[in-house]
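Take a look at the sequence and the structure below. Then read on for a short tour.

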Amino acid sequence: MALSKFLDTLDGGMMKFLKAYEPYKIREMMKEYFGDIDIGTEIVHISEALDRYSAKDIKSSVNIPDFNKSTVDGYALMSSDTRGASESMPVFLDVSGEVLMGTEAETEVVENTCVYVPTGGMLPKGADAVVMIEYTEKLDEETVAVNMAMHPGENIIYIGEDISVDDVIVKKGRKITAFDTGALSAIGVSEISVFKKPRTVIISSGDEIRRPEEDIKPGEVRDINSFVVGALIEKYGGEVIHKTIVDDDEGSLYNEVEKWIDRADIVIVSGGSSAGIKDVTAEVLDSFGKPGLFVHGAAVKPGKPTIMSCARDTALIGLPGHPGSSSIIFTIFGKELFKILLEKEDAIESFVEAELTYSLAGAPGKETYVMGTLENRDGKYLFNPLIKKSAAISQLSRSEGYVVIKSGTEGINKGNTVRVYTE
Ligand SMILES: Nc1nc2c(c(=O)[nH]1)N[C@H]1C(S)=C(S)[C@@H](COP(=O)(O)OP(=O)(O)OC[C@H]3O[C@@H](n4cnc5c(N)ncnc54)[C@H](O)[C@@H]3O)O[C@H]1N2
Ligand code: MOO
């Protein structure tokens, strides 16, 4: 088996092993293979809906406001009655009534009269403006002097001006915000359908991997990848239902994936993804049925030995063992995977523009990701690249963002302005 894999990687035998695809091609294939995975939906109360992804377009069946209302404390009047009014030449109006909050306005405004309305109170019939109380003077119980000329519509919010019947308040795939929960309550929607959090299993493979609580012997290392990947899963909207460490052998890895594949939407294996004798991840992830393995290699630096397979309505992902590589790969393709499964709206990219403080070289035929720190000097950002080998977790932990050197470019010279992605 080791020999046949060796031949595959040497002469392209089965073609799909370690053929590095460009990231755009991988994204296209992910959509094709993972687009039909059904993660299911559930109903949640709006108070539990923050950061969940809506499974439907939610339309309003009502107008907001559903009555014309005053936006100030003042007197509702006919704007035509205030023509030319000023402090030196006020107009005098009869106060014919008062609107009480939460009740229907009963008194109609006719020429030369006005009705007191509180902020949020219903606009009486006949009125087309509300003058703020500060621009009036009460002369006696029945008369006010108005010392400002009003325009029609001033200080009024009309029926449906905020939300109209049939307006889409929340689109399918939208990440519910705090403001959305208020808008939904306003239209009388207290429960909504959201996508279930994709159920994810993380398997760290490697004879040398130990838990953070364990003491380690020479040659062993503590698990890094399952923590980075687990945290990213939560950030992208998923749920980690199981995490484990398995030895680098085909049988143990197969059994662990088999145990979880029908209970999870995503199974992630970190390590054993490359071309070494003990690197069995690709074969194992290809062995659960059709359509099977479709990526074994990404034209990305770091992170070339990336694996993707699909079987039994589950996305099977193999990440490179090097912590820096697996973190970057999961930042790029994990984000894409959750976007596909949760049918997320296109997000606005989070980046800042910064001046590069060292020249960076690209890698031939690969998209290169370089982590670094940002420094604010006199209101202008500087990007200081952290250049270490792909095993280095310290660079990720210290970094505040990354720049991307496109494939086919030689690099980026010091002093150039670069986009630093911060999410
Ligand atoms: N002959 C070749 N060798 C390698 C190639 C190649 O193309 N041909 N690619 C290199 C690249 S690039 C990477 S990245 C690594 C990836 O290898 P694997 O995915 O097979 O990873 P492992 O061998 O299992 O581990 C590599 C390294 O990372 C440490 N590791 C693994 N898992 C964890 C974890 N959960 N937490 C912390 N550290 C972990 C492991 O101890 C190793 O040191 O292959 C290159 N080789
Ligand atoms: O791809 Mo490896 O992940 O470059 O170190």
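This report covers a ligand site, some paired strands and several salt bridges.

## A predicted model

The model shown here is predicted.

## Around ligand 1

The shell around ligand 1 holds 21 residues. Those that come nearest are Glu208, Asp223, Ile224, Ser273 and Gly321. By type, the shell divides into six nonpolar, 10 polar and five charged residues.

Backbone atoms of the protein meet the ligand at several points. A polar backbone atom of Ile224 is 2.8 Å from a nitrogen atom of ligand 1. A polar backbone atom of Gly321 is 2.8 Å from an oxygen atom of the ligand. For Gly272, a backbone N or O atom lies 3.0 Å from a ligand oxygen. Taken alone, ligand 1 exposes 880 Å², and the protein buries 69% of that. Two elements, strand 15 (221-222) and helix 7 (323-341), each give two or more residues to the shell.

## Strand 4 and its partners

Strand 4 spans residues 74-77. Three bridges join strand 4 to strand 6 (residues 113-117), and the two run antiparallel. Here Tyr75 has Tyr116 in strand 6 as its bridge partner.

Strand 4 also pairs with strand 7 (residues 129-132), again antiparallel, through four bridges. In strand 7, Val130 is the bridge partner of Ala76.

## Salt bridges

How many salt bridges does the structure hold? The count is 18. One of them joins Glu213 and Arg211, with the closest N and O atoms 3.3 Å apart. Is Glu213 buried or exposed? Glu213 counts as exposed because its relative accessibility is 61%, over the 50% cut-off. Arg211 has a relative accessible area of 45%, so Arg211 is partly exposed.

Glu423 and Lys235 form one, with the closest N and O atoms 4.0 Å apart. Glu423 is in the segment after strand 28 (417-421), Lys235 is in helix 4 (residues 225-236), and 188 residues separate them. Both ends are partly exposed: Glu423 at 46% and Lys235 at 42%.

Arg419 and Glu349 meet in a salt bridge too, at 4.0 Å from N to O. Arg419 belongs to strand 28, while Glu349 is in the loop between helix 7 and strand 22 (351-356), and they are 70 residues apart. Arg419 is partly exposed at 40% relative accessibility, and Glu349 is partly exposed at 49%.

Salt bridges can also form a network. Here one links Arg174, Asp180 and Glu345.

Terms used:
Residues numbered from 1 in each chain as written. Chains lettered and ligands numbered in written order. Predicted model: local features only at pLDDT ≥ 70, side-chain atom pairs only at ≥ 80, totals over all residues. Heavy atoms only, no water. Near = heavy atom within 4 Å. Polar contact = N/O pair within 3.5 Å; in protein donor to acceptor, adjacent residues only side chain to side chain. Areas by Shrake-Rupley, 256 points an atom, 1.4 Å probe, with all protein chains shown as cover. Nonpolar A, V, L, I, M, F, W, Y, C, P; charged D, E, K, R; others polar. Pairing = 2+ DSSP bridges. Salt bridge = Lys/Arg side-chain N within 4 Å of Asp/Glu carboxyl O. Buried < 20%, exposed > 50% of the residue type's maximum accessible area, 1.4 Å probe, protein only.
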